[in-house]
Amino acid sequence: RVHGGICGIHMKAQVDPSFSHSAASHIVLVNNGTTYDITLIKENPFAAEFAVTRFFKMQVLQDLSDGGCILWTRWGVMDEVGDMNKEFFDTQEEAIAAYDRLLQTKLDEHWEAKSPLNISQQHAQLTAPDLVLPLEDSADRPSENEDLQFITELSAETLDGIGTNATSIAHDVTHLFDVLRQNLSFVATTSSRHLEIYQQLAQTWKDTAERSVESMDIFIWKCQQLEEQLQKTESLHADIKTLRKNVDKLDKITSRSSLFR
């Protein structure tokens with residue numbers, strides 16, 4: 001059964017740096033050789049475009065002041081602080097039972113156990129004191145070859161994780177630039193089409209305005225002709241009145257001449 005830590009390696013587990021209580025007053029619980037500290041990871045199967053790795057960290061923390069225990073959990077997207085929760089217990093047995101139940105639930109949900117060393121460096125960096133081996137019996141102290149092998153394996157594992165993360169980041173950045181390039185191309189094409197439409201509309205408005213001006217000029221010319229015709233009509237009307245007066249006078253003269261005969 002998986003509980004945490006690295007099999008065969010006696011390593012002092014560190015309290016999660018995101019733990020809000022005083023880290024100096026709490027330690028990671030070690031019971032019967034089992035360190036109750038583990039980090040689980042899981043790939044998001046629904047992330048089609050970007051690979052998203054989620055983590056779930058669990059620790060049983062013992063309060064040095066009263067002996068009580070806290071089941072500390074923190075979860076979220078890798079390289080982020082994420083969400084966190086604390087559950088308090090009066091005894092180690094209760095805390096361990098809750099830890100085991102939650103761990104089994106996560107394993108049933110296909111979370112994978114991961115060494116605490118593989119969590120984001122921002123939130124779980126190991127300092128030199130973290131590598132101190134708290135051995136009570138010098139006979140249990142690993143040999144220099146074992147130390148060298150452990151350091152080599154740890155370095156290879158860390159470099160492999162860095163390489164995987166760098167490849168993933170490079171892939172994400174490349175994909176992001178591809179999407180950005182496509183969007184910019186679409187915007188440029190759309191803008192060019194809009195510009196063509198605007199130019200067509202402007203030309204249509206210009207042609208319409210020119211035709212309107214021509215129509216207005218014709219209308220004004222027609223009005224001027226009508227005014228001239230009206231002026232000529234008024235002059236003709238005056239001439240007709242004068243002629244009528246002359247006809248009346250001639251008629252009177254003719255009538256008088258008839259009387260004298």
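The questions below concern a predicted model.

Biologist: What percentage of the residues count as buried?

Modeller: The cut-off for buried is under 20% relative accessible area. The chain has 261 residues, and the share that falls into this class is 21%.

Biologist: Which element supplies the largest share of the largest nonpolar core?

Modeller: That core has 16 residues, and Val60 and Tyr99 have the most contacts inside it. At least two of its residues come from each of β4 (37–43), β5 (53–63), β6 (69–77) and α1 (92–108). The largest share is five residues, and its source is α1.

Biologist: How many residues are in the other core, which lies apart from this one?

Modeller: Val15, Phe19, Val28 and Leu61 are among the members of that separate core. Its residue count is six.

Biologist: What distance does α1 reach from its first C-alpha to its last?

Modeller: α1 has 17 residues, and at 1.5 Å a residue the expected span is 24 Å. The model comes close to that expectation, with a reach of 24 Å.

Biologist: Which strands do the buried residues of α1 pack against?

Modeller: The buried residues of α1 are Ala95, Ile96, Ala98, Tyr99, Asp100, Leu103 and Lys106. In an α-helix there are 3.6 residues a turn, so residues three or four places apart point the same way. The packing partners of the buried α1 residues are β2 (30–31), β4, β5, β6 and β7 (83–89).

Biologist: Which residue follows α1 with a positive phi?

Modeller: The phi in question is near 70 degrees. The residue that has this value after α1 is His110.

Biologist: How many disulfides does a search of the whole structure find?

Modeller: A disulfide is a covalent bond between the sulfur atoms of two cysteines. The search counts a pair of cysteine sulfur atoms within 2.5 Å. Over the whole structure, the number found is zero.

Biologist: Why does Cys69 count as buried, and why does Cys223 count as partly exposed?

Modeller: Buried means under 20% relative accessible area, and partly exposed lies between that and 50%. Cys69 counts as buried because its relative accessibility is 1%. Cys223 counts as partly exposed because its relative accessibility is 36%.

Methods
Residues are numbered from 1 along each chain as its sequence is written. This is a predicted model: local features need pLDDT of at least 70, side-chain atom pairs count only at pLDDT 80 or more; totals for chains, interfaces and linings use all residues. Side-chain values use heavy atoms; hydrogens and water are left out. A nonpolar core is a set of buried Ala, Val, Leu, Ile, Met, Phe, Trp, Tyr and Cys residues joined through side-chain atoms within 4.5 Å. Buried means under 20% relative accessible area, exposed over 50%, partly exposed in between (1.4 Å probe, protein chains only). Helices (H or I, at least four residues) and strands (E, at least two) are DSSP runs, numbered from the N terminus. The expected span of a helix is 1.5 Å times one less than its number of residues. Contact means heavy atoms within 4.5 Å.
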